[in-house]
Amino acid sequence: MARPVRDAVHLTGEQRQFLELAAQFATRDIRPVARAVDDAQIESPLDLWRAAAKIGLTAFMLPSEVGGGGVVDLVTQARVQEELCHGDIGIGNLITSNGFYAAPILELGTAEQRGRWLEPLCGDDPPLTALAVTEPDVGSDAASLRTTAVRRGDHYVLNGQKAWISNAPYAQSFVIFATVAPGSRSKGVTAFVVDRDSEGLTVGKPMRKLGQRAIVNAEVFLDHVKVPVADRLGEEGQGFYGLMRTFDASRILIGAATTGLSRAALDLATTYAKKRQQFGVPIIDHQAVAFRLADMATKVDISRLLTMRAAQLFDAGEDVTSEAAMAKLVGSENAMWCTWAAVQTLGGWGYSQEFLAEKWLRDAKLEEIEEGTSDIQRLVISRRLARS
């Protein structure tokens with residue numbers, strides 16, 4: 001039985017309805033197919049994506065002005081993310097992935113651009129989209145982009161290569177970050193919306209990954225791709241600002257996603273420990289196991305509290321770069337520990353594919369790497385301390 005969530009923030013009736021919808025979908029639709037999706041390796045569950053779209057879960061975070069669910073506060077988004085990822089973190093992240101693409105459009109785009117690119121995401125059968133920042137030689141140092149954008153009259157010409165782009169094999173549209181002034185670091189970073197069918201844009205083969213296989217990654221190649229000036233987001237050089245604000249929100253959502261994963265691991269380990277008997281008693285009666293479960297429960301709540309604090313400050317318009325980094329850092333490392341603890345509690349069964357514990361352990365590792373490694377989060381936090 002799932003451990004009930006005791007929210008430290010007051011939730012309205014409408015917010016609770018969204019949470020219940022997400023929790024029901026996670027239990028009924030996501031969890032039962034988690035193993036099959038993992039086994040498929042390089043195939044996203046598009047039927048599940050469409051089912052989630054029909055009940056509004058793929059666009060709940062988009063503004064009502066473009067046809068979305070209008071849940072624009074990060075507190076609610078984070079709790080919905082936690083519930084979906086309690087079902088399965090890879091599938092949960094897939095379901096909300098269009099929000100990642102939408103974030104820089106909402107941050108930098110005009111009203112016309114928001115309508116043009118976000119309204120199609122709010123129907124019953126929305127396209128998948130992608131955000132392309134990472135490059136073969138550019139990961140944590142996002143200001144050092146090598147993909148170039150050169151203006152030629154009424155259009156730009158983009159050249160470069162992107163790596164590890166989530167949803168790339170399926171995406172119909174990309175937000176691509178490039179530099180208009182090579183060598184100028186963040187000052188030249190600019191964002192563009194590029195259609196998949198653009199001449200010169202090609203997508204590589206799906207990459208095989210350790211975990212979170214519901215989202216398929218691939219490289220994206222840009223060979224003299226023409227992009228109209230009208231498809232640029234904001235002014236030249238504004239892209240890095242939009243990207244950092246996007247990262248603040250997405251790191252908080254990673255904190256929420258990893259909280260859901262840690263909670264799933266705790267639920268499984270607790271249920272197993274109550275049933276499994278050794279030396280004549282359930283193993284939960286052995287202090288070594290009981291204390292491990294206590295540590296898991298504590299880490300779950302720490303992750304949620306840090307995430308909710310960051311989300312509340314974000315919603316209040318505060319600078320949350322440090323708090324977002326803390327939520328991501330602690331959430332991801334706690335998820336890695338909790339999934340390890342679940343495998344350890346289940347023993348040999350935890351190491352087998354009879355249970356999802358081993359899958360969750362593989363899934364958790366990604367969150368210590370993507371959108372800034374744990375090392376980068378500590379760097380962000382320590383730099384803020386140095387400046388304070």
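**Figure 1. Domain 1 and domain 2 in the predicted model, with C-alpha centres that lie 23 Å apart**. The contact between these two parts draws on 25 residues from domain 1 and 23 residues from domain 2. The assignment divides the protein into domain 1, spanning 13-121, domain 2, spanning 129-233, and domain 3, spanning 243-386.

**Figure 2. The area buried between domain 1 and domain 2.** About 2,100 Å² is buried between the two domains, and carbon and sulfur atoms give 60% of that area. On the domain 1 side, the residues that lose the most area to domain 2 are Q41, I42 and Y101, which together account for 31% of what that side buries.

**Figure 3. Helix α1 against helix α3.** The axes of α1 (residues 13-30) and α3 (residues 46-54) come within 12 Å and cross at roughly 150°; the two helices are therefore roughly antiparallel to each other, since angles over 145 degrees are counted in that class. The crossing in which α1 passes α3 is right-handed. From α1 the contact takes F25, D29 and I30, and from α3 it takes L48, A51 and A52. Sorted by class, the residues of this contact comprise 5 nonpolar, no polar and 1 charged.

**Figure 4. Helix α8 against helix α12.** Helix α8, which covers residues 239-275, and helix α12, which covers residues 357-366, have axes that come within 11 Å and cross at roughly 160°. That angle makes α8 roughly antiparallel to α12. The crossing in which α8 passes α12 is left-handed. The residues that meet here are L261, A264, A265 and L268 in α8 and A357, W360 and A364 in α12. By class, the residues of the contact of α8 with α12 are 7 nonpolar, with no polar and no charged residues.

**Figure 5. Helix α10 against helix α13.** The axes of α10 (residues 321-346) and α13 (residues 374-387) come within 9 Å, and they cross at roughly 145°. The crossing of α10 and α13 is left-handed. On the α10 side the contact involves T321, S322, A325, M326, K328, L329, S332 and E333, and these meet S374, Q377, R378, V380, I381 and R384 in α13. In the contact of α10 with α13, the residues divide into 5 nonpolar, 5 polar and 4 charged.

Note on methods:
Residues are numbered from 1 along each chain as its sequence is written. This is a predicted model: local features need pLDDT of at least 70, side-chain atom pairs count only at pLDDT 80 or more; totals for chains, interfaces and linings use all residues. Side-chain values use heavy atoms; hydrogens and water are left out. Axes are lines fitted to C-alpha atoms, for helices over the stretch in contact, and angles run from 0 to 180 degrees between N-to-C directions. Helices (H or I, at least four residues) and strands (E, at least two) are DSSP runs, numbered from the N terminus. Angles under 35 degrees count as roughly parallel, over 145 as roughly antiparallel, 65 to 115 as roughly perpendicular and the rest as oblique. A crossing is left-handed if the near helix is turned anticlockwise from the far one by less than a right angle, and right-handed if clockwise. Contact means heavy atoms within 4.5 Å. Ala, Val, Leu, Ile, Met, Phe, Trp, Tyr, Cys and Pro count as nonpolar, Asp, Glu, Lys and Arg as charged, and the others, Gly among them, as polar. Domain bounds come from an automatic or database domain assignment. Buried area is the accessible area (1.4 Å probe) that two parts lose on being put together, summed over both.
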